[in-house]
Amino acid sequence: MKDVSTTTSHRHSRHALVYPKKRPSPHGISKSHKSPLLPANGVPRPSPRAAKAALQQQRKAAQQQALRRETVYLEEEYRDEIRRYMHVMERNTMSSTQSMDQQPEIRWHMRPCLVDFLVEIHFTFRLRPETLYLTLNIIDRYVSRRVVYIKHYQLVGCAALWIAAKFEDAKERVPTVQDLVSICHEAYEESAFIQMEGHVLTTIQWTLGHPTAEAWLRLMCCGTIAEDMKVQHVARFLMEITLFYREFVKFSPSTIALAALTLARYLCGKTRRFWEETEECLEVIDLLDTRLAKNVNDLSETLVKKYSYAFYSKAATFVVQYYLEGGRFSKLSHLPLPVTPTRNSTSAFSTPMSTTTSISDMSDDMPMTPTTPSSPPMCPSDPFSSCSSDDKENMPSAFEPVINKMRVESPPDQYLPHDFVTYSRPALHNLNISSPR
């Protein structure tokens with residue numbers, strides 16, 4: 001007789017090797033949870049709405065870090081107060097074109113030469129964009145209050161650039177007095193720059209907190225949706241064009257920045273924001289667009305050379321090519337909308353009425369009720385209409401709305417409009433008679 005216990009134990013040991021038993025849980029029997037909302041690590045999977053909100057929060061944090069790398073610090077809770085304060089400051093630091101018109105020797109045709117000279121120095125020393133705009137604001141405020149002769153015009157410009165660089169830039173990038181003397185080819189002595197610096201600061205009452213167009217542009221580009229770098233570079237190129245001419249001096253920096261950004265978005269084929277455009281903004285755009293369309297070849301070679309580099313997305317190349325091909329800014333605010341067709345009871349396409357149709361059914365308050373005629377309708381005189389007897393209810397309509405869509409063609413990228421511009425060339429020193437003592 002076989003030993004049953006031995007056979008049973010041998011069978012269990014063989015099955016134990018093939019199918020090992022799991023350890024019993026100390027908390028009792030537990031089943032593995034295989035729900036898709038609760039992975040194995042125990043962290044619940046976020047819902048699509050929560051994932052979208054988290055992604056937007058990450059993008060916003062990354063955008064703020066990118067802005068802070070560009071020295072733009074802006075908190076959401078102080079945004080409105082910052083804007084109001086900047087509007088007040090730009091009104092208090094505006095210059096007067098009427099006072100500048102009364103200068104005995106300085107004329108407006110000399111301004112592009114001085115600005116071109118300052119743009120060259122600014123680019124050579126790699127100063128911040130705000131420095132250039134603050135320099136021109138200091139010059140305009142000083143010329144609005146003091147009589148400036150031709151022989152001192154370049155001295156005032158260099159002193160204003162020196163003041164703005166000390167206020168905006170890092171210490172190691174500020175040009176020294178020896179640099180200014182060398183730039184002006186020793187037309188002035190070192191004491192002249194120091195004396196003019198104190199005189200300019202006294203005239204403008206030491207008020208240097210001017211919100212420049214560059215500052216406004218950065219505020220406009222750091223909203224909920226960040227602007228493309230190409231749009232920002234084209235806007236900066238357009239803003240620097242406004243520094244050369246008299247018709248743009250009377251506008252505030254916020255208007256200049258908004259107009260340049262709007263025109264840049266249009267040139268790059270972006271969607272327009274009609275709710276942001278003001279009358280002054282459209283006026284600046286019209287002046288810029290007209291000047292570029294008529295005198296695009298007369299732009300400053302230094303400025304065009306500066307914005308032809310890939311670092312600035314070849315903004316000058318893009319804008320010059322656009323206007324050389326005949327492109328213009330369109331003032332059409334909206335696309336033509338289709339007109340709602342009106343129903344005419346005497347039309348050949350009107351719905352046939354039965355004998356039970358009353359006068360109230362033909363009124364303008366409610367549309368006419370279509371009814372099925374007793375006999376097939378007659379073919380209309382339109383040769384393009386169908387005369388099928390199967391289509392009794394739906395009669396053809398001759399109304400076809402047409403929407404004219406604006407086509408924006410992108411110009412080619414490769415275009416070099418100007419030759420290389422030699423830096424540190426004489427700009428205004430030949431007009432200087434003698435340096436002030």
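How many cavities of 30 Å³ or more does the count come to? The count comes to four. A cavity here is a set of points on a 1 Å grid over the protein atoms alone where a 1.4 Å probe fits but cannot get out.

Before we look inside, a word on the model. It is predicted, so local features need pLDDT of at least 70 and side-chain atom pairs count only at pLDDT 80 or more, while totals for chains, interfaces and linings use all residues. Residues are numbered from 1 along each chain as its sequence is written, and side-chain values use heavy atoms, with hydrogens and water left out.

**The largest cavity**

The largest cavity has a volume of about 290 Å³, a volume being the space filled by probe spheres set on the points. Its lining has 19 residues, and those closest to its centre are Asp140, Leu243, Val249, Phe251 and Pro253; a lining residue has an atom within 4 Å of a point. Two elements, helix H6 (129–145) and helix H12 (253–267), each give two or more residues to this lining. H6 provides the largest share, four residues. Helices are DSSP runs (H or I, at least four residues), numbered from the N terminus. By class, the lining has ten nonpolar, seven polar and two charged residues; Asp, Glu, Lys and Arg count as charged, Ala, Val, Leu, Ile, Met, Phe, Trp, Tyr, Cys and Pro as nonpolar, and the others as polar.

**Helix H13**

Helix H13 (residues 279–295) has 17 residues and reaches 24 Å from its first C-alpha to its last, close to the 24 Å expected at 1.5 Å a residue. That expected span is 1.5 Å times one less than the number of residues. Its buried residues are Cys281, Val284, Ile285, Leu288, Asp289 and Leu292. Seen down the axis of H13, they fall within an arc of 130°, so they line one face of the helix; the arc is that of the directions from the axis to the C-beta atoms. On the other side of H13, Glu279 and Lys294 are exposed. Buried means under 20% relative accessible area, exposed over 50%, and partly exposed in between (1.4 Å probe, protein chains only).

Neither residue below is a glycine.

Conventions
On a 1 Å grid over the protein atoms alone, a cavity is a set of points where a 1.4 Å probe fits but cannot get out, and a pocket is an open set with protein on both sides within 12 Å along at least five of seven lines; lining residues have an atom within 4 Å of a point.
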